Amino acid sequence: MFRQKIARFVLMLIAGMPVAAQALGLDSAALIAGQREAMKRLAYMDGVWRGPAWTILPSGEKHNITQTERIGPFLDGSVKVTEGRGYDADGKVTFNPFGKISLNQAAKVYTLHSHAMGYVGDFELKLTSDGYTWDIPAGPMTIHYTAVIKDGTWHEVGDRIVTGKAPVRFFEMTLKRIGDTDWPAAGAVSPK
Amino acid sequence: MPELPELDQIVHGQLRLAVLSILSAVAKADFTFLRDCTGSTDGNISAHLLKLEQAGYVAVEKSFVKRKPTSTYQITSAGRTALANYIRNLKKLLGADFNRSK
């Protein structure tokens, strides 16, 4: 009896979903199409990238790494997924960020959901003619990233900005596009 | 009178809140960097960093870089939780109008 009630409730939910979505003016196909169209503006990011990068450590020392990125569309092209790996000279991975870029259609903003070194956050990605900028607010300081991606080169810098002081550059990377990737869409589980 | 959410007094100090905000965004920061970012003085920020350290909200690592003593600070898990709770309680305290205006 209880199972029947649950089953009936689930059926009602499933049957009611499209109606509810239509009532709210939501159409999955249209939403995905809109998101896919918006993500085309970031198609230049897709592929595999590699190049030198440096960052300033808390001690003030400059730390050089080889940075790689693999980037590709996911969920039928409606979001973009990124994974970076920074290698020390001995080949050890010392920096491994992961990100998902998507469009918030209601707010008309691109959002980067980032995981890096145990830190998690959502940041607005502001598109420029040949790249993007994004900020991490940190109290009296802002961490400002600027990326320019063109002609197969991805140049990104990070600056620490404190009001009334000159910006301090603490990060720079210059990557070359070295090929295509079918990540992360490849390897989906088939029904059989 | 309705019960007001409590604000963690350790986090609530202007300079300590600034320090926690910075450390929530960077992996580590040294003493000089935190002092310069906040526009504070050696003595003032030392006192506030000690309070945060005693509360378990930041961890300090002392070392020598080029023969100079350096103190490097990092937010702890407790510090991160305290900052998140503080922001949540502050939003509650400011009320529905503030949350709607966002």
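Mentor: Helices (H or I, at least four residues) and strands (E, at least two) are DSSP runs, numbered from the N terminus. This is a predicted model: local features need pLDDT of at least 70, side-chain atom pairs count only at pLDDT 80 or more, and totals for chains, interfaces and linings use all residues. Residues are numbered from 1 along each chain as its sequence is written, and chains are lettered from A and ligands numbered from 1 in the order in which they are written.

Trainee: What follows helix 4 of chain B?

Mentor: B:Gly56, with a positive phi near 80°.

Trainee: And how many residues does helix 4 of chain B have?

Mentor: It has 13 residues. From first C-alpha to last, helix 4 of chain B reaches 18 Å, close to the 18 Å expected at 1.5 Å a residue. The expected span is 1.5 Å times one less than the number of residues.

Trainee: Which of its residues are buried?

Mentor: In helix 4 of chain B, B:Ile45, B:His48, B:Leu49 and B:Leu52 are buried. Buried means 20 or more other C-beta atoms within 10 Å of a residue's own, exposed means 12 or fewer, and partly exposed is in between; C-beta atoms are placed from the backbone. Those four cover an arc of only 100° around the axis, so they sit on the same side of helix 4 of chain B. The arc is that of the directions from the helix axis to the C-beta atoms.

Trainee: What's exposed on the other side?

Mentor: B:Gly43, B:Leu50 and B:Gln54.

Trainee: Switching topic. How many residues in the largest nonpolar core?

Mentor: It has 24 residues. A nonpolar core is a set of buried Ala, Val, Leu, Ile, Met, Phe, Trp, Tyr and Cys residues joined through C-beta atoms within 7 Å. Among those with the most contacts inside it are B:Ile22 and B:Val58.

Trainee: Which helix gives the most to this core?

Mentor: Helix 2 of chain B, with seven residues.

Trainee: What does B:Ile22 contact?

Mentor: Leaving aside neighbours within four places in sequence, its contacts include A:Ala138, A:Met141 and B:Leu34. Contact means C-beta atoms, placed from the backbone, within 7 Å.

Trainee: How many residues does each chain bring to the contact?

Mentor: Eleven from chain A and 17 from chain B. Strand 8 (131-138) and strand 9 (141-150) of chain A each give two or more residues to chain A's side.

Trainee: Last one. Why is A:His63 partly exposed?

Mentor: Because A:His63 has 15 C-beta neighbours inside 10 Å. A:His63 lies in strand 2 (residues 62-74) of chain A.

Key: Contact = placed C-beta atoms within 7 Å.
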